[in-house]
Every structure is written in C-alpha cells, then in structure tokens.
Amino acid sequence: MAPSRTYTASARKKEGLSALLFLSPTLVIFSTFVLFPVLFSFYLSFHQWNMFSAQQAFVGLANYTRMFRDPEFWSVLKNTLIYTVGTVPLNMALSLLVAYLLNQKLAGKKFLRTAFFAPVIISPVAAAVIWRWMYDPNFGLVNYFLTLVGIKGPNWLNEPHSAMFALILMAVWKTLGFNMVLFSAGLQGIPDTYYEAAEIDGAGAWTKFWRITIPLLSPTTFFIMVMSIIGSFQAFDVVYVLTSGGPMGATKVLVFYLYEQAFKFFEMGYASAVAYFLFLLLIVLTLLQIRLMKSKI
Amino acid sequence: MPSYPAKIAFSMRRLLYYILIYAAALATLAPFIWMVLTSVKDLNEIFVYPPKWMPAKFHFENYLRAFQAAPFGRYYLNSLLVAVSVTLGQLITCSMAAFAFARLQFKGREVLFLLFLGTMMIPGQVTMIPTFMILHWIGWIDSYKALIVPGLASAFGTFLLRQFFMTIPKELEEAAYIDGCSRWRVLWNIIIPLSKPALATLSIFTFMGVFNDFMWALIVTSSEELRTVQLGLAIFRDRYLTEWDLMMAGSVTATLPILIVFFFAQKYFIKGITLSGLKE
C-alpha cells in the first residue's frame with residue numbers, strides 16, 4: 001500500500017488502476033472459463049443443441065422433464081447414491097480411527113502417515129489399473145486373501161453387485177489418507193488439558209474418545225462430511241477406468257452419464273441440464289447438512 | 001497426549017494399537033507392492049495360483065517393452081509440459097491477484113473476493129461443456145493450449161496466497177515504497193521471497209492435480225501425440241487387457257514422479273490439505 005499520509009484522489013485512482021492490472025490475468029481466464037461457462041450452460045440447459053448445428057433450439061424445460069422421465073437417469077442417480085452411502089461413512093469412520101491411532105505415541109509415525117497418504121496422491125487412472133489387477137478373479141490378491149479365510153471371492157468386476165462393492169472399496173482406499181490428514185489436524189487442536197482433567201476423574205480411553213474427542217471434533221467431521229459427499233457425487237475417473245460403468249450399468253454414476261450424453265451423443269443441452277441438476281443437488285445437500293448440524297448444537 | 005510412565009506404555013492397549021495400525025498400513029501399501037513386483041515379473045509368474053510375491057528374476061525389460069508398446073516417453077513429456085506450464089502460470093496469476101486482494105485498496109474488493117471464493121463451490125462439470133465449446137470455436141481443441149490455458153488461473157491458489165500475504169508485516173513494504181519502489185518491485189522483491197512455503201504448497205498441489213488429471217485430457221484431445229500419461233495409460237488398459245506386466249510397468253511410470261515429489265515435500269502436501277479444510 002502506498003504511504004497513507006499522501007493519499008489523494010488521484011493516488012486512489014492510480015491504486016485502483018494497478019489493482020485492475022494485477023487482477024487482469026486472473027479476471028480474463030476466469031470470465032472466459034468460469035463465469036461465462038456457468039451462465040452459458042444454464043442457458044444451454046433450456047435448449048437443444050448437438051454442437052454442430054448453428055442454431056440452438058429453445059425447448060423450455062424439456063431437458064429437465066426428459067431427465068426425470070429417463071429410467072437410465074434414475075438408475076445412475078441410484079448408483080451414485082449407493083456409491084456415496086457406501087464410501088462416505090466407511091471412509092470417515094476408518095480415517096478417524098487411523099487419525100486417532102496416529103495421534104497416540106507410536107513408533108514409526110512418519111512411515112505410517114506416508115503409507116496411508118500414498119493412495120491419495122497417485123492418479124485415479126493408475127489406481128484403477130492397479131485395482132483391476134487386484135480384483136482379477138483367478139490371480140488377483142483380493143480373492144487370494146479371501147480364500148485364506150475360506151471365502152470364495154466373486155468375479156469382482158463382472159457381477160453387478162460385487163462391481164459396485166469393488167468400486168467402493170477402492171474409493172475408500174484412495175481417499176482415506178486425505179480425510180486422515182484433516183482429522184489429524186482437528187485432533188491436534190483439542191487441548192491436552194481436557195484429557196488430563198478427564199483422567200483425573202477416572203475416565204478410560206473409551207469414555208474420553210466419546211465424551212471429548214467426538215464432540216470437540218465435530219466442526220472437522222462436518223467439513224469432511226460435506227466435502228466427501230460433494231466429491232463422491234462427482235466421481236468419474238475411477239469409474240471410467242475400473243469398470244467403465246459396467247457390468248450392465250451397475251456402476252454407471254451421474255457424471256459418467258453426463259459425460260456420455262455430452263461427448264458421446266453430443267447432447268449438449270441435455271448434458272447441461274444434468275450438470276445443473278448436479279449443481280443444485282449438491283447445494284441442497286450441503287444446506288441440509290448445515291441445517292442438521294445447527295439443529296444438533 | 002499425556003505422557004505415560006514407561007511401564008504402562010507397553011500395556012495391552014498399546015500393543016493392540018500397534019497391531020491395528022501396522023496391519024492397516026500394510027494393507028494400504030499392498031497394492032503398491034503388488035504393482036511394483038508384478039511389473040518386473042515374467043508372464044508365467046503372473047498367472048499362477050496361489051500368487052507369488054517375489055519374481056524368480058527381475059525382468060526390468062518389461063519397462064522397455066511397455067515403452068515400446070505405447071509411446072510412454074512422449075506421454076510423459078506431454079504431462080510434464082502441461083503440468084509445469086499450468087503450475088508456473090498459476091504461480092504468476094495467483095500471486096498477482098492475491099497481491100491485489102491482500103494489499104491494494106479498490107472499490108468492490110470484498111465483493112469480488114467473495115465471488116471468487118464462491119466459484120470454488122461450482123462443480124467442474126457445470127463449466128466443462130461451455131469451456132469445451134469455447135475451445136472448439138477458437139479452434140483450440142486437440143492442442144496443448146486446450147490442456148493448459150483454462151487452468152491458468154485458480155480461485156484456490158489466489159485464496160491460499162492471499163491468506164499468506166496478509167500475514168506478512170507491512171513495514172518492509174512501506175520502507176520500499178518510500179525508497180520509490182513500484183508495486184511490481186514490492187511484489188517480486190519483497191513479498192514473493194517471503195512466501196516460499198505458500199508458493200511451494202500451491203505448486204505441489206497444482207502440479208499433482210494437473211499431472212493426475214484424466215477427464216479434461218480425455219475430452220479435449222484426440223490425437224496420440226497429445227496424450228498425457230494418464231490418458232495413455234487408460235487407453236493402454238483397453239488395448240492390453242491382460243498383459244499385467246506391461247500394465248503395471250505403465251502404472252509405476254504414471255505414479256513414480258508424484259510419489260517422489262511427495263517423498264521430498266510431504267509437509268507441503270499436508271499443509272495444502274489442512275488449508276483447504278480451513279477455507280470454510
């Protein structure tokens with residue numbers, strides 16, 4: 001900031017101008033690739049357009065009504081819900097457990113943290129390729145370990161029920177470390193004095209966990225829940241590579257459907273409607289969670 | 001955690017903790033170990049039951065074969081070119097914007113900043129289709145520009161740097177202004193050198209995101225010369241369905257640089273995540 005004592009109207013104008021200059025690269029990129037697209041896809045969602053014709057025909061709400069009449073849309077929505085319900089709670093419980101254990105005095109913490117975090121940083125494509133091999137019905141590790149405990153594993157990726165389960169398991173493996181880091185930060189924010197006071201009162205580890213850790217961690221838990229739900233509704237890469245939405249559409253999720261409509265069938269208007277539906281759904285879900293959170297306090 | 005006397009420290013509960021956490025860590029690492037070991041096995045050792053962990057001989061030539069089966073070298077250069085360009089670009093655009101938001105007075109600053117933060121809530125799928133069409137109209141589809149230019153600005157990056165810039169004391173800058181320094185000089189010579197940790201966090205996050213990106217590359221490129229590692233690997237998967245030795249060699253190739261970066265810069269990854277958790 002320029003020295004404030006010599007601040008005149010012209011200096012202020014100059015400062016505004018240079019602010020504009022500093023912001024200009026970001027503003028140009030943002031208005032072209034974020035602001036305009038957000039508005040344009042809203043406009044498109046009321047039009048029919050295959051991208052190659054010059055005209056976009058106004059169809060009113062037809063894209064939206066078509067969506068609600070398409071049985072495939074309901075099926076992908078159901079799959080997305082199953083995927084979300086399957087991944088989010090399991091992921092949160094496991095990542096909290098891991099973060100809790102890592103918050104204790106243990107040897108080799110650095111190694112442990114690296115191990116849990118490694119799946120987060122590798123690409124979803126590579127992860128899915130590795131897991132396809134893990135899930136190989138005859139030579140894969142997963143079924144081998146299952147036979148060790150006396151279970152005959154399914155042909156994971158080729159049966160509808162097991163394919164969704166396989167997808168969920170892999171997704172939990174892939175994102176556990178991310179939430180672990182957030183939970184760890186939350187756990188470190190709880191002052192030791194609370195635990196010490198509880199110990200003086202004779203509280204055991206279990207009581208301390210439920211009476212101190214869980215309640216004091218709730219802002220972190222809430223944030224993780226919101227972000228995880230948003231993330232799982234947007235799953236695409238892992239699905240594309242692990243199962244390609246199959247078998248028989250059992251793992252076809254909302255964004256995969258959107259991708260097909262837009263870039264396979266070039267139904268740009270319809271796909272935009274699906275994108276906006278996803279956007280609204282995420283807003284509603286987030287607001288609902290905020291409501292729920294507030295009513296609990 | 002409160003410190004325990006040494007005797008209690010080796011209680012049954014701690015033993016249980018150790019077993020639990022190390023078993024979980026091993027299970028988490030198993031796919032990686034399996035990937036690396038499969039990548040150097042002979043096909044005969046891959047299709048055996050029960051699975052064999054260690055290969056009798058390390059077949060490093062599998063990597064050569066994978067690189068011959070698909071131009072992974074080219075894919076690699078593409079991924080690096082795109083990831084480095086986007087990262088450098090974001091470092092510049094984000095620090096400029098962050099400087100304006102953190103240090104300059106102008107009308108509508110708070111509103112604009114909030115608007116910026118708001119865009120982080122928009123799912124990428126909403127902007128994807130129109131962005132594709134803009135690139136189509138200006139003839140950039142299937143070019144490096146399509147992979148790089150839309151990523152050259154970032155709300156997250158601007159936010160991250162702005163938060164960091166705000167913590168830098170203003171005294172240094174004020175002295176520089178009195179000496180007649182321009183705002184550019186102040187940004188590049190004073191603020192940027194003091195912001196290395198934040199810039200490192202942003203670089204690593206951006207690099208990782210772009211290097212690992214799949215969907216955008218899938219949508220905007222079609223020619224083989226432009227394929228990134230991730231796209232190349234996904235297409236490789238379709239073509240060599242059961243050649244697990246080559247596929248795992250490809251996977252190792254696609255994950256190695258990120259794992260190396262992570263190994264040396266772990267704290268920046270952690271910082272970036274915790275910061276993303278604080279933005280609410």
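Of the 280 residues in chain B, 41% are buried. This is a predicted model. Chain B has 16 helices and 0 strands. It meets chain A across a contact that takes 77 residues from chain B and 77 residues from chain A.

**Overall form of chain B**

- The radius of gyration of chain B is 24 Å, well over the 19 Å that the globule rule gives for 280 residues, so chain B is more spread out than a compact globule.
- The C-alpha trace of chain B spans about 75 × 70 × 35 Å along its principal axes.
- Take the contacts in chain B with a separation of 6 or more: 74% of them join residues 24 or more positions apart.

**Domains of chain B**

- The domain assignment gives chain B a domain 1 at 6–64 and a domain 2 at 72–278.
- The C-alpha centres of these two domains of chain B lie 33 Å apart.
- Their contact takes 9 residues from domain 1 of chain B and 7 residues from domain 2 of chain B.
- On the domain 1 side of that contact, H2, helix H3 (43–46) and helix H4 (61–69) of chain B each supply at least two residues.
- H2(B) gives the most to this side, with 4 residues.
- By class, the domain 1 side that touches domain 2 of chain B has 5 nonpolar, 3 polar and 1 charged residues.

**Domains of chain A**

- Chain A is divided into domain 1 (4–33) and domain 2 (68–296).
- The C-alpha centres of domain 1 and domain 2 of chain A are separated by 42 Å.

**Where the chains meet**

- In the contact between the chains, 77 residues of chain B face 77 residues of chain A.
- Helix H2 (residues 12–39) of chain B provides the largest share of the chain B side, 15 residues.
- By class, the side of chain B that touches chain A has 53 nonpolar, 16 polar and 8 charged residues.

**The nonpolar core**

- The largest nonpolar core has 146 residues.
- Helix H7 (residues 160–188) of chain A contributes the largest share of this core, 14 residues.
- Leu167(A) and Val238(A) have the most contacts inside the core.
- Not counting residues up to four places away in sequence, Val238(A) touches Pro124(A), Ala127(A), Ala128(A), Leu167(A), Met170(A), Ala171(A) and Lys174(A).

Notes. Residues numbered from 1 in each chain as written. Chains lettered and ligands numbered in written order. Predicted model: local features only at pLDDT ≥ 70, side-chain atom pairs only at ≥ 80, totals over all residues. Core = buried A, V, L, I, M, F, W, Y, C linked by C-beta atoms within 7 Å. Buried ≥ 20, exposed ≤ 12 C-beta atoms within 10 Å, placed from the backbone. Contact = placed C-beta atoms within 7 Å. Nonpolar A, V, L, I, M, F, W, Y, C, P; charged D, E, K, R; others polar. Domains from an automatic or database assignment. Rg over C-alpha atoms; globule rule 2.2 N^0.38 Å.
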